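Hello,

Here is the structure I promised to pass on. Please open it alongside this email; my notes follow below.

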Amino acid sequence: MSAQATDTQAGEPAEAVTYALRGDVAWIGLNRPAKRNAIHDALLAALEQAVRRAQAEARVAVVFGEGPAFCAGLDLSEHRARTPEEVFHHSRGWHAVFSVIRRGRIPVIAALHGATVGGGLELATACHLRVADATTFFALPEGQRGIYVGGGASVNVARLLGASRMADMMLTGRVLDAAAAERAGLVNYLVPEGQAKEKAAELAAKVATMAPLTVMGVLHALPRIQDMSEEDGLFVESMMAALAQTGPEAAARLEAFVAKRAARLAEPGA
């Protein structure tokens, strides 16, 4: 089955998620522009399929939204009919899909614009890097809808923003613009309007050249170290450092640096 799953709702694109492989970079597009890419069950399933495909054939992936928004969150037209038991299992399904992103083999970059709210924010924070253009805004409107987040925000958003800022967003409906989100640590890169995908492509090209063992450490050791005691975290860091040194890229790259063949670090503003 193609990663480009079919969306059967009338008046919507045939593909809820698009996929394109360009060199070592997989481009994964949320494709319900008329619904501001609200996530329904078909889109979630297609997203998982696309991410798994990317992990099999790319070295980095970029997730972006078609149309005027990155993602307006959960499709409430489906959600409102669910029983509490169904909501529980639906939430766990979101956790499973987003875990495929967070704990996968390759880094995933989110290229953001327009509404990045609710489940869209949860998807963005499941990615490893976030690039936002100046039109991007962030919110957790679940509190205003009388429901609670269910796609991982309690862990992933709270870790980036802090529980207090997340509580503010849920209790008061506060909306963060792109600049405020960058100051709060939610956004890694802030770019002018319309340039998020261009910046994501630039970053993806750099990430694609990383040594695989180093990538493995960043994706799998670093997040776990945050949950460990100081001593356990430092021990795992040492083990990861030793493991990375065994990779064939390590010897070649260190030799290039010592021989002054490696590119110098670019100083800020250079």
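Strands β5 and β7 (residues 137–139) run parallel and pair over three bridges. Ala115 has Phe137 of β7 as its bridge partner. Helix α4 packs on this sheet and touches both β5 and β7. The direction of α4 makes about 85 degrees with that of β5. Keep in mind that this is a predicted model.

The sheet is open and has three strands, in the order β5-β7-β8, with mixed pairing. β5 (115–117) and β8 (176–177) are at the edges. Each has a single partner strand, so one side of each is left without a neighbour in the sheet.

Next, helix α1. It covers residues 41–57, which is 17 residues. At 1.5 Å a residue the helix should span 24 Å, and its end C-alpha atoms are 25 Å apart, which agrees. Its buried residues include Leu43, Leu44, Leu47 and Val51.

Now the aromatic rings. Searching the whole structure gives two aromatic pairs. In the pair Trp94 and Phe98, the ring centres are 5.5 Å apart and the planes are at 70 degrees, so this pair is edge-to-face. Trp94 and Phe98 are four residues apart in helix α3, so about one helical turn separates them. Both are buried.

Best wishes

How values were computed. Residues numbered from 1 in each chain as written. Predicted model: local features only at pLDDT ≥ 70, side-chain atom pairs only at ≥ 80, totals over all residues. Heavy atoms only, no water. Helix = DSSP H or I, 4+ residues; strand = E, 2+ residues; numbered from the N terminus. Expected span 1.5 Å × (residues − 1). Buried < 20%, exposed > 50% of the residue type's maximum accessible area, 1.4 Å probe, protein only. Phe/Tyr/Trp six-rings, centres within 6.5 Å; stacked < 30°, edge-to-face > 60°. Pairing = 2+ DSSP bridges. Contact = heavy atoms within 4.5 Å. Axes fitted to C-alpha atoms, helices over the stretch in contact; angles between N-to-C directions.
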